[in-house]
Amino acid sequence: MKKTSYVLALALCGLTGFAHGATPVNLIPMPAQLSVSGQGFTVTPQTSIVVDSGDADARRTAEYLASLTAHTRHVQLAVKTGAPGDGAIVLKRDPQAPVANAEGYTLDVTPQGIRITARDEAGLFYGAITAWQLMTPSQGTGDVRVEPVHIRDEPRFAWRGMMLDSARHFWTPAEVRTVIDQMAQHKLNTLHWHLTDDQGWRIEIKRYPELTRIGAWRTPPTVGKQPQPARYGGFYTQDDIKAIVAYAAERHITVVPELDMPGHAQAAVASYPELGVTGTRPPVSVDWGVNPYLYNVDDHTLQFLQNVLDEVMALFPSTYIHVGGDEAVKDQWKASAAVQARMKTLGIKTEDAMQSWFIDQIGKYLATHNRRLIG
């Protein structure tokens, strides 16, 4: 794996036009276009980050860059407005910037300073992240020498995502924010947040409090004669989620929530047994693997899911709402007289087709709210 990564890195460097003997430029991801020529620039505590007066978006990005540089490079940079002089890092929005989309930017390092230009705030933000990466000191702390690069960059992929599974193992809000910061520093823009599964229901739904009172917790089995283990779990209040979504948006990251259905539903069925097929209450799962618990297919369960989605859509402005859809073992549906009767009424021949009908009902409901189902 390491050898493959090293070869890939060399290949990427070779595509960006380094002159023979030039110092390698360490950037992740590698920009679309990069060249090295001329003399570089030294960032010192006297270096300012300059933005146009009245550009609140640019100032927000400048302050993020200053905070990041202070925390990781131990160089304090002041943010200023007005006309830039020599020796500054300039963040400038320009509708005529030579990039193709809102996430593109240009970055030039000369002896006079660093200049980042973009059409939109997102591009300015990613340019600032590139500038921060270029400021990696070779050793110790103090002044930072930046290579004389000329970059024109824009993303190849519109969706640059990472999936975080908080259902199997709970991540505190602070840990989620750390993940978001790490995503931003690698120019990822979509957090796919897995919030419900057999092993836990992690999102507060005010209409259905049992989902978190029961479904957010599990008690691991005892081993031999050891004492009963403590409960494990946790959940995010709606205020927690609002704050995390806002935190991500400030870093140009969209949070896409995932609520699994019709399978991976054991924590929900443990909370409200009538949502399941058998009518019995299972425990929240303490094990890995593919579990048999599916949602019921009656009108009551579909109404429950629509009510849940109403609260989810109020918390997440994402166009996409993820509903999982995988590993829905159909044994319970096959054994249920009520499910089989529902299939007959609908003219549905197989359990797989029943899942398609089930997911289609959810997709149509989301569409009435100008959202799109993804699974």
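Modeller: Start with R73, which is buried because its relative accessible area is 10%. Buried means under 20%, exposed over 50% and partly exposed in between, with a 1.4 Å probe and protein chains only. The model is predicted, so local features need pLDDT of at least 70, side-chain atom pairs count only at pLDDT 80 or more, and totals for chains, interfaces and linings use all residues. Residues are numbered from 1 along each chain as its sequence is written, and side-chain values use heavy atoms, leaving out hydrogens and water.

R73 sits in helix α2. Helices here are DSSP runs of H or I with at least four residues, strands are E runs of at least two, and both are numbered from the N terminus. T136 is 63 residues from R73 in sequence, yet their C-alpha atoms are 7.1 Å apart.

T61 is also in α2, which covers residues 56-73. Its relative accessible area is 2%, so T61 is buried. Which residues does T61 touch, leaving aside its neighbours within four places in sequence? They are L91, E121, L124, F125 and A128. Contact means heavy atoms within 4.5 Å.

F125 leads on to the rings. Rings of Phe, Tyr and Trp (its six-membered ring) pair if their centres lie within 6.5 Å; planes under 30 degrees apart are stacked, over 60 edge-to-face, and the rest tilted. The count by this rule is 10 aromatic pairs. One of them is tilted: Y64 with F125, 5.2 Å centre to centre and 35° between the planes. This pair links distant parts of the chain, with Y64 in α2 and F125 in helix α3 (residues 121-134), 61 residues apart. Y64 and F125 are both buried.

L91 was another contact of T61. Strand β5 spans residues 88-93 and pairs with β7 in the parallel sense over six bridges. Two strands pair if DSSP finds at least two bridges between them. K92 has T117 of β7 as its bridge partner.

What lies on the other pairing of β7? Strand β6 (residues 105-110) pairs with β7 in the antiparallel sense, over five bridges. Two residues separate β6 and β7, which form a hairpin. Five of the six residues of β7 (residues 113-118) are buried, so the strand is largely enclosed by the rest of the structure.
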